[in-house]
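Please look over the sequence and the model shown here before reading on.

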Amino acid sequence: MSARVPHARIDTSRPHPARVYDWLLGGKDNYPVDREVGQELPEETRGNAARNRAFMHRAAAWLAKNGVDQFLDIGSGIPTEPNMHQIVQAIVPTARVVYVDSDPSVLPHADALLTSTPEGLTDFLHADARRPAAILERAGERLDFERPIALSLLAMLHFLPDDEDPYGVVRTLVNALPSGSYLILSHGTVDQHPEWKGKIEAAYEKGSIPLRLRSRSEVEPFFEGLDLVAPGLVFATEWHKEEPAPTRERSGLHVGVARVP
């Protein structure tokens with residue numbers, strides 16, 4: 001399936017979270033303004049970006065192995081292989097994966113997100129996470145909301161400040177999922193990096209990017225009413241279901257996978 005996305009001008013004079021993240025992961029789809037933000041961040045932030053990707057790989061693979069064959073990835077960002085559909089379709093070739101992002105920088109790379117197996121489906125929606133009802137309506141044309149869906153919100157919610165109601169956004173999305181669905185979530189924090197307090201936000205603020213890192217107690221409400229899968233809400237390097245376990249390191253991310261009852 002080909003992406004049906006509008007042409008949009010990429011503003012290279014202002015940094016964007018997706019391109020900063022691409023730089024943190026060692027990608028090349030970024031501009032000097034994005035690198036300026038990244039270079040203001042503590043060096044270990046690059047490791048945290050890699051740990052976030054590794055968590056996604058483990059969580060998506062575990063869900064695919066346990067029968068989930070539909071994935072809705074909101075805030076997908078610039079493609080970085082292996083992408084989610086490559087992970088899950090290697091396990092379940094018929095899996096359907098829909099990516100969502102609002103950043104015009106992602107659009108030129110959308111084709112990389114559409115290399116589905118012949119039996120499966122991948123698609124890309126250009127949409128804003130702050131408008132969850134619109135995302136659900138469009139995703140419903142590609143995914144069957146009568147069967148379980150894995151909703152992925154990775155390293156995205158910390159870019160929604162409190163006045164944009166991130167808890168309400170998540171609740172709207174989760175409430176649309178049938179029983180047996182899952183929420184995969186990662187969220188930025190300085191709980192294990194108290195010396196970073198204020199520094200991360202300041203670096204992004206220089207680029208006019210709002211950032212709201214949250215403590216564990218502030219991340220917990222995103223899972224309200226859901227059944228957290230063991231090991232629960234933990235730091236990124238602590239979440240795994242199979243061996244070998246990842247190396248335990250300090251992490252700038254709270255992560256969790258939870259089932260919709």
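Helices (H or I, at least four residues) and strands (E, at least two) are DSSP runs, numbered from the N terminus. Glu44, for instance, lies in helix α3. The model is predicted, and local features need pLDDT of at least 70, side-chain atom pairs count only at pLDDT 80 or more, while totals for chains, interfaces and linings use all residues. Residues are numbered from 1 along each chain as its sequence is written, and side-chain values use heavy atoms, with hydrogens and water left out.

The chain contains eight helices and eight strands. Its C-alpha trace spans about 45 × 40 × 35 Å along the principal axes. The radius of gyration is taken over C-alpha atoms, and the globule rule is 2.2 Å times the number of residues to the power 0.38. For 261 residues a compact globule would have a radius of gyration near 18 Å, and the chain agrees with this at 17 Å.

Contact means heavy atoms within 4.5 Å. Of the contacts between residues at least 6 apart in sequence, 74% join residues at least 24 apart. Accessible areas come from the Shrake-Rupley method with a 1.4 Å probe, and for residues only the protein chains shown count as cover. The accessible surface of the chain is about 11,400 Å², and carbon and sulfur atoms hold 50% of this area. A residue is called buried under 20% relative accessible area, exposed over 50%, and partly exposed in between (1.4 Å probe, protein chains only). By that rule 53% of the 261 residues count as buried.

For charges, Lys and Arg count as positive and Asp and Glu as negative, with His and the chain ends not counted. Each charge is placed at NZ of Lys, CZ of Arg, CG of Asp or CD of Glu. There are 28 positive and 37 negative side chains, and the centres of the two sets lie 1 Å apart.

Next comes the interior. In soluble globular proteins, nonpolar side chains tend to be buried together. A nonpolar core is here a set of buried Ala, Val, Leu, Ile, Met, Phe, Trp, Tyr and Cys residues joined through side-chain atoms within 4.5 Å. Which members of the largest nonpolar core touch the most other members? Among its 35 residues, they are Leu63, Phe71, Val88 and Val257. At least two residues of this core come from each of α3 (44–65), α4 (84–89), β2 (96–101), β4 (150–154), β5 (182–188) and β8 (253–259). Helix α3 gives the most, with eight residues.

Val257 has contacts, beyond its neighbours within four places in sequence, that include Phe55, Ala59 and Leu63, as well as Tyr182, Leu183 and Ile184. Phe223, Asp227, Leu228, Val229 and Trp239 are also among the contacts of Val257. Another core, of 32 residues, lies apart from the largest one, and Ala127, Ile149, Met156 and Val174 are among its members.

Ile149 sits in the loop between α5 (132–139) and β4. Ile149 counts as buried because its relative accessibility is 0%. Leaving out residues up to four places away in sequence, Ile149 touches Gln70, Leu72, Leu143, Asp144, Leu177, Ser181 and Tyr182. Val260 is 111 residues from Ile149 in sequence, yet their C-alpha atoms are 9.6 Å apart.

Glu44 has 26% relative accessibility and so counts as partly exposed, whereas Ala49 is buried, with a relative accessible area of 5%. Beyond four places in sequence, Glu44 touches Arg51, His193, Trp196 and Arg250, while Ala49 is in contact with Tyr21, Leu24 and Leu25. Ala49 and Ala61 are twelve residues apart in sequence, with 19 Å between their C-alpha atoms.

Some backbone details remain. The peptide bond from Glu81 to Pro82 is cis, with omega near -5°, and Pro82 is in the loop between β1 (70–74) and α4. Ala230 and Pro231 are also joined by a cis peptide bond, with omega about 15°; Pro231 lies in the loop between β6 (227–228) and β7 (234–235).

Ala155 has a positive phi of about 50° although it is not a glycine, and phi of Asp165 is near 55°. Ala155 is buried, at 16% relative accessible area, whereas Asp165 is partly exposed, at 43% relative accessibility.
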